[in-house]
Amino acid sequence: MRTIDTVSAHELAALADLQQRVCGELPGVTMRWTLFGSRARIILLTAAGGSDRAVAAQLRINRHTVRLWRQRFAEKGLAGLTETPGRGRKPVLTDRVTASILTGAVQPPPHRARWSCRSMAAAHHVSKSTVQRLWSKNDIKPHLTRTFKISTDPRFDEKFWDVIGLYLNPPDKALCDEKSQCQAIERTQPGLPLSVGHIRTATHDYIRHGTVTLFAALNYLEGKIVSMLAPQHRHQEWLKFLKQIDRETPAGVELHLIADNYATHKQADVHKWLTKHPRFHMHLTPTSASWMNLVERFFRDLTVDVVREGSFTHVKELSRQILAYLAERNAHPMRYVWKAKGKDILRKIHRAKQVLTV
């Protein structure tokens, strides 16, 4: 049987090189390689003439540990410094059960829409933590649903580039317009405010006090909002808003308005007015593709900052809050910049269509 004294200089040199490259002061070194580095130091110090007791004292370990790894290295070389297969806790789950938990997650149980951690654990006689760890490790999330809507507009690509082109190569003045009905709701009971260790509360039920329509035009280059509140949402209000935009923007500047396919945009009186005002250029988004309109991003902020969390006893109260929010925002305008590449978006949409038609 070999001893540490009979180990070749080539083996020791290889060990020293491996220990220096892998087990040095490197960030992210795993526990496995950290242990290997400690064992390599035992061998190198012993080969340099250190006794078991001296090496143990220097490394602050037991001398029996020194003897163990010295003998393992003498018998098996570098392979002797790694863990022996079969050591450690044996896996509780079989491969069959693991595969069933993972593949079964995409197959809902009878009379249910999806699996939960507890129902899957009960079906396989394991703990819910086991199911949760497996799903998390494999990025399986049965509890989440992501909504989508693919446009069926036959002129989708044409309209897509017409709208996206304005964002990627904006003219001197680009306006995105939209409108939204905001509902004035009052919570039936006052909730508790946010405090340390306590989340804000609100009743699940509410009283409706009517709606107000907000017409908004987002100046893409400056980030400012031209807005108008109206009690209704008809072509008359839309035409009135177009005239307001005409008054509040510099004369002679070409205005590109991005809008959805709402019927008010195509009404005869609106069409006549647009014909008499050629500086207005309408760009309609494809059907079911209002996400192309950047003003939707502003309406998301308005919903979160004002509408959703508020409690309003009257439409006038809601209107005052919206106007105050708009005034503050226009005082400190913030741009929404389109960064996504058109080709990448189209590629993703076409890929989704192919999957749905299979």
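**Exercise 1.** Find which residues touch the most other members of the largest nonpolar core.

*Solution.* Start with the term: a nonpolar core is a set of buried Ala, Val, Leu, Ile, Met, Phe, Trp, Tyr and Cys residues joined through side-chain atoms within 4.5 Å. Buried means under 20% relative accessible area, exposed over 50%, and partly exposed in between (1.4 Å probe, protein chains only). The largest core holds 35 residues. Tyr167, Phe298, Leu302, Leu318 and Ile322 touch the most other members. Next, list the elements that give two or more residues to this core: helices H8 (156-168), H11 (295-307), H12 (315-331) and H13, with strands E1 (174-187) and E2 (206-219). Helices (H or I, at least four residues) and strands (E, at least two) are DSSP runs, numbered from the N terminus. Another core, of 16 residues, lies apart from this one and includes Trp238 and Leu255.

This is a predicted model: local features need pLDDT of at least 70, side-chain atom pairs count only at pLDDT 80 or more, and totals for chains, interfaces and linings use all residues. Residues are numbered from 1 along each chain as its sequence is written, and side-chain values use heavy atoms, leaving out hydrogens and water.

**Exercise 2.** List what Leu318 touches, not counting residues up to four places away in sequence.

*Solution.* Contact means heavy atoms within 4.5 Å. Leu318 touches Cys182, Gln183 and Ala184, and also Val212, Val307 and Phe312.

**Exercise 3.** Work out which residues of helix H7 are buried, and why they lie on the same side.

*Solution.* H7 spans residues 128-137. Its buried residues are Thr130, Val131, Leu134 and Trp135. They share a side of H7 because they cover an arc of only 125 degrees around the axis. The arc is that of the directions from the helix axis to the C-beta atoms. An α-helix has 3.6 residues a turn, so residues three or four places apart point the same way. Now turn to the face away from the buried side: Arg133, Ser136 and Lys137 are exposed there. Helices H5 (95-104) and H6 (117-124) are among what covers the buried residues. Just after H7, Asp139 takes a positive phi of about 55 degrees.
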